[in-house]
Amino acid sequence: FALISYACHRYQGVGKNRVVDHLLNRLACEREYVQLHRDTTVQSLLASPLIEDGRIVFQDSPLVRAATHGRILVIDEADKAPVE
């Protein structure tokens, strides 16, 4: 997977995610997906806020779900994440 990402990292819209999804489907692997951006924080990688019945609750993030359930984590736009 890293090879696909590395080989195409400069090109937008060439179907990298579709290739990875197809490969994971062929391998019968479940996946979680997270897209990083300049405002990504450690907290946002661990939990996601959700409004339920007028209350804010936190649900597990794709990273936590992948680790908990043994799924593959697909990280998109890793180059956009802050280095801190």
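Analyst: Let us begin with the term helix: helices are DSSP runs of H or I with at least four residues, and they are numbered from the N terminus. Helix H3, for instance, covers residues 42-46 and contains Val-42. Please keep in mind that this is a predicted model.

User: How many helices and strands does the chain have, and what pattern do they follow along the sequence?

Analyst: The chain has 4 helices and 4 strands. Their order along the sequence is α-α-β-α-β-β-α-β.

User: How is a residue judged to be buried or exposed?

Analyst: The relative accessible area decides: under 20% is buried, over 50% is exposed, and values in between are partly exposed. Val-42, with 60% relative accessibility, therefore counts as exposed. Val-57, a residue of strand S3 (residues 55-60), is buried, because its relative accessible area is 18%. For the chain as a whole, 15% of the 84 residues count as buried.

User: What can be said about the surface of the chain?

Analyst: The accessible surface comes to about 6900 Å², and carbon and sulfur atoms account for 54% of that area. One feature of the surface is a nonpolar patch formed by Val-42, Leu-46 and Leu-63, which together have about 260 Å² of accessible area.

User: Which residues does Val-57 touch?

Analyst: A contact requires heavy atoms within 4.5 Å. Leaving aside residues up to four places away in sequence, Val-57 touches Ser-48, Pro-49, Leu-50 and Glu-52. A separate value concerns Ala-47, which is 10 residues from Val-57 along the chain; the C-alpha atoms of these two residues are separated by 9.6 Å.

User: What share of the contacts joins residues 24 or more positions apart?

Analyst: Among contacts in the chain with a separation of 6 or more, such pairs account for 51%.

User: Why can charged side chains pair, in general?

Analyst: Side chains of opposite charge can pair when their charged atoms come close. The structure holds 5 salt bridges. One of them joins the side chains of Glu-32 and Arg-65, at 3.0 Å from N to O. Glu-32 belongs to strand S1 (residues 31-35) and Arg-65 to helix H4 (residues 62-69), so this pair ties together parts that are 33 residues apart in sequence.

User: Are these two partners buried or partly exposed?

Analyst: Glu-32 is buried, with a relative accessible area of 10%. Arg-65 is partly exposed, at 25%.

User: With which other residue does Glu-32 form a salt bridge?

Analyst: Glu-32 also forms a salt bridge with Arg-71, and the closest N and O atoms of this pair are 2.5 Å apart. Arg-71 lies in the loop between H4 and strand S4 (72-76), whereas Glu-32 lies in strand S1, so the pair ties together parts that are 39 residues apart in sequence. Arg-71 counts as partly exposed, at 24% relative accessibility.

Definitions and conventions: Residues numbered from 1 in each chain as written. Predicted model: local features only at pLDDT ≥ 70, side-chain atom pairs only at ≥ 80, totals over all residues. Heavy atoms only, no water. Helix = DSSP H or I, 4+ residues; strand = E, 2+ residues; numbered from the N terminus. Buried < 20%, exposed > 50% of the residue type's maximum accessible area, 1.4 Å probe, protein only. Areas by Shrake-Rupley, 256 points an atom, 1.4 Å probe, with all protein chains shown as cover. Patch = residues over 30% accessible without salt bridge, like charges linked within 9 Å, V, L, I, M, F, W, Y side chains within 5 Å. Salt bridge = Lys/Arg side-chain N within 4 Å of Asp/Glu carboxyl O.
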